[in-house]
Amino acid sequence: MLVKVYGSAVFGVDATTITVEVNIDKGVGYHLVGLPDNAIKESSYRIAAALKNNGYSLPVKKITINMAPADLRKEGSAYDLTLAIGILAASGQIKSDEVDKYIIMGELSLDGSLQPIKGGLPIAIKAKEEGFKGFFLPKQNVKEAAIVAGLDVYGVENVLEVIDFFEGKGTLEPTTIDTRAEFYKTLDFPEFDFAEVRGQESIKRCMEIAAAGGHNIILIGPPGSGKTMIAKRLPSILPPMTLKEALETTKIHSVAGKVKDAGLMNQRPFRSPHHTASSVALVGGGSYPQPGEISLAHNGVLFLDELPEFKREVLEVMRQPLEDREVTISRAKFTITYPSSFMLVASMNPSPSGFFNDPDSPNTSSPHEMTRYLSKISGPLLDRIDIHIEVTPVPFDKLTEKRNGESSVEIRKRVTSAREIQTKRFEEIDHIHYNAQMSSKQIREHCALDDASLQLLKTAMERLNLSARAFDRILKVSRTIADLEGADVVGSAHIAEAIQYRSLDRDGWLG
């Protein structure tokens with residue numbers, strides 16, 4: 001008897017429906033074809049044990065299974081449940097008239113219980129698009145898949161629940177989630193709040209400007225000055241995610257298997273990879289491509305602590321994704337594109353010892369050590385970072401202050417207002433949403449300066465030995481400062497403040 005059941009494979013952030021054809025005939029043998037990997041080939045042992053432990057059996061006949069399209073590589077153990085139900089239906093142990101109306105996915109344990117899978121959300125989206133009646137998957141993944149309206153999503157704990165459903169014995173109910181209600185469960189009291197940061201008012205101001213314009217930022221300062229503490233609080237002042245952004249972000253995390261019981265993600269992600277991370281870990285890829293840290297930080301923040309400690313070649317692979325807001329991974333038979341629109345926040349010590357030009361510190365670095373240390377950060381990478389700010393240690397009287405600083409919620413209100421101005425400004429341009437994404441054409445259009453401001457910028461560039469690449473960055477940041485004040489025109493005060501935020505362009509830092 002021939003039976004067709006359906007599973008799904010995830011490539012990039014989208015799913016492809018896989019038709020699993022199970023044919024049982026006279027003879028003995030188990031033949032699995034259609035480019036399965038080793039995890040799928042080993043499934044026969046898991047399926048046999050799981051069925052036996054639940055009162056069913058693998059038929060002692062010739063079982064031929066084809067996974068179509070046959071030229072598409074299938075990987076992972078998530079097809080165990082698909083194959084098990086197909087075998088039971090083809091051997092007549094369960095009714096087969098309904099099995100082809102559902103997508104069935106899950107990894108089987110030997111006792112028949114189900115282990116979580118990756119990509120529940122994109123699979124559910126594809127199932128709805130192709131008109132399937134429902135989707136069976138492990139209970140751990142049900143919340144992310146149930147985001148998709150118009151599809152019956154069943155979270156199951158054991159293979160018996162699926163068998164009973166098709167036999168008409170069970171009372172399995174689909175999981176339903178009100179996506180909008182789930183999305184609007186925002187946290188007004190973030191885990192990390194700027195109110196806890198003592199002193200550092202100028203740095204907080206910098207972070208507010210960076211958040212308002214979507215600018216990449218680098219913090220330079222000695223150990224213990226609060227660089228990491230401040231960076232961790234940046235997501236708390238970013239504007240709330242839109243429903244579209246929340247779905248995009250959840251989809252990527254679902255593909256990476258990092259959603260589990262969370263359902264729809266309504267908080268912006270914050271990713272902080274260790275400096276030993278490889279280029280594949282950072283941008284994604286591998287034999288079977290998976291999203292990297294830059295894609296997991298999509299619509300959120302990527303924090304690179306101790307930037308010069310990262311391998312130079314690892315940092316260089318970020319240049320194109322920073323510019324294009326997506327990363328394309330090419331293999332011989334397919335090409336995958338992952339979105340990667342994130343804010344880069346980097347931190348570094350000013351020298352190997354951490355105390356550059358500090359007269360109170362006995363630890364000093366030679367010019368050669370300084371050059372070697374800073375040479376790990378290339379000019380083209382710095383070119384994509386709009387704001388450079390020096391962080392100084394907090395004095396004792398500030399540390400012991402009892403008065404709390406301004407809260408993240410208050411700062412976020414100003415940031416959100418500035419972002420709304422930018423959304424309106426760029427509403428007719430598809431790929432630009434905030435100031436940091438402006439091209440030279442938009443800079444000339446929206447950052448026109450009067451004579452006094454032009455003269456101030458010219459003087460600053462000559463006296464501070466600012467490089468040519470600083471010019472556009474200063475204009476972008478000054479546009480954001482003007483937006484925070486609600487000003488229509490960029491003035492000399494905005495230019496003056498923006499000039500302060502280009503420390504690494506000054507002569508004496510990177511030459």
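1. A residue is called buried here when its relative accessible area is under 20%. By that criterion, buried residues make up 52% of the 511 residues in the chain. The model under discussion is a predicted one, and the points below should be read accordingly.

2. Overall architecture. The chain contains 22 helices and 18 strands. Its C-alpha trace extends over about 90 × 50 × 45 Å along the principal axes. Among contacts in the chain with a separation of 6 or more, 73% are between residues 24 or more positions apart.

3. Helix 2 and helix 3. Two packed helices are described by the angle between their axes and the distance between the axes. The axis of helix 2 (residues 43–52) comes within 10 Å of the axis of helix 3 (residues 80–90), and the two cross at roughly 60°. That angle makes helix 2 oblique to helix 3, and the crossing is right-handed. On the helix 2 side the contact involves S43, R46, I47 and L51, which meet D80, L83, A84, I87 and L88 of helix 3. By class, this contact comprises 6 nonpolar, 1 polar and 2 charged residues.

4. Helix 18 and helix 21. For helix 18 (residues 408–425) and helix 21 (residues 470–485), the axes come within 8 Å and cross at roughly 115°. The pair is therefore described as roughly perpendicular, since angles of 65 to 115 degrees fall in that class. Helix 18 passes helix 21 in a right-handed crossing. Helix 18 contributes R414, V415, A418, I421, Q422 and R425 to the contact, while helix 21 contributes R479, D483 and L484. These residues divide into 4 nonpolar, 1 polar and 4 charged.

5. Lysine 251. Is K251 buried or exposed? K251 is buried, because its relative accessible area of 18% is under the 20% limit. This lysine belongs to helix 10 (residues 243–255). Not counting residues up to four places away in sequence, K251 touches V13, D14, L121, P122 and I125. With one of these, V13, there is a polar approach: a polar atom of the K251 side chain lies 3.5 Å from the backbone oxygen of V13.

6. Histidine 298. H298 is located in the loop between helix 12 (293–296) and strand 14 (301–304). With a relative accessible area of 5%, H298 is buried. Which side chain makes a polar contact with the side chain of H298? The partner is E248, at 3.0 Å. The H298 side chain also reaches the backbone nitrogen of S341, at 2.9 Å. Leaving aside neighbours within four places in sequence, the residues in contact with H298 are E248, T249, I252, P269, P339, S340 and S341.

7. Histidine 494. Another buried histidine, H494, has a relative accessible area of 7% and lies in helix 22 (residues 492–499). Apart from neighbours within four places in sequence, H494 is in contact with S478, I481, A482, E485, A487 and V489.

8. Leucine 399. L399 is found in helix 17 (residues 396–399). The C-alpha atoms of L399 and G199 are separated by 7.1 Å, although the two residues are 200 residues apart along the chain. Once neighbours within four places in sequence are set aside, L399 is in contact with R198 and V394.

9. Backbone geometry. Most residues other than glycine have a negative phi, and most peptide bonds are trans. The peptide bond joining A68 and P69 is cis, with omega about 0°; P69 is in the loop between strand 4 (62–68) and helix 3. L35, which is not a glycine, has a positive phi of about 55°. L35 sits in the loop between strand 3 (29–33) and helix 1 (38–41) and counts as partly exposed, at 33% relative accessibility. E306 likewise has a positive phi, near 55°. Its place is in the loop between strand 14 and helix 13 (312–316), and at 22% relative accessibility E306 counts as partly exposed.

Note on methods. Residues numbered from 1 in each chain as written. Predicted model: local features only at pLDDT ≥ 70, side-chain atom pairs only at ≥ 80, totals over all residues. Heavy atoms only, no water. Helix = DSSP H or I, 4+ residues; strand = E, 2+ residues; numbered from the N terminus. Buried < 20%, exposed > 50% of the residue type's maximum accessible area, 1.4 Å probe, protein only. Contact = heavy atoms within 4.5 Å. Polar contact = N/O pair within 3.5 Å; in protein donor to acceptor, adjacent residues only side chain to side chain. Axes fitted to C-alpha atoms, helices over the stretch in contact; angles between N-to-C directions. Parallel < 35°, antiparallel > 145°, perpendicular 65-115°, else oblique. Left-handed = near helix turned anticlockwise from the far one by under 90°. Nonpolar A, V, L, I, M, F, W, Y, C, P; charged D, E, K, R; others polar.
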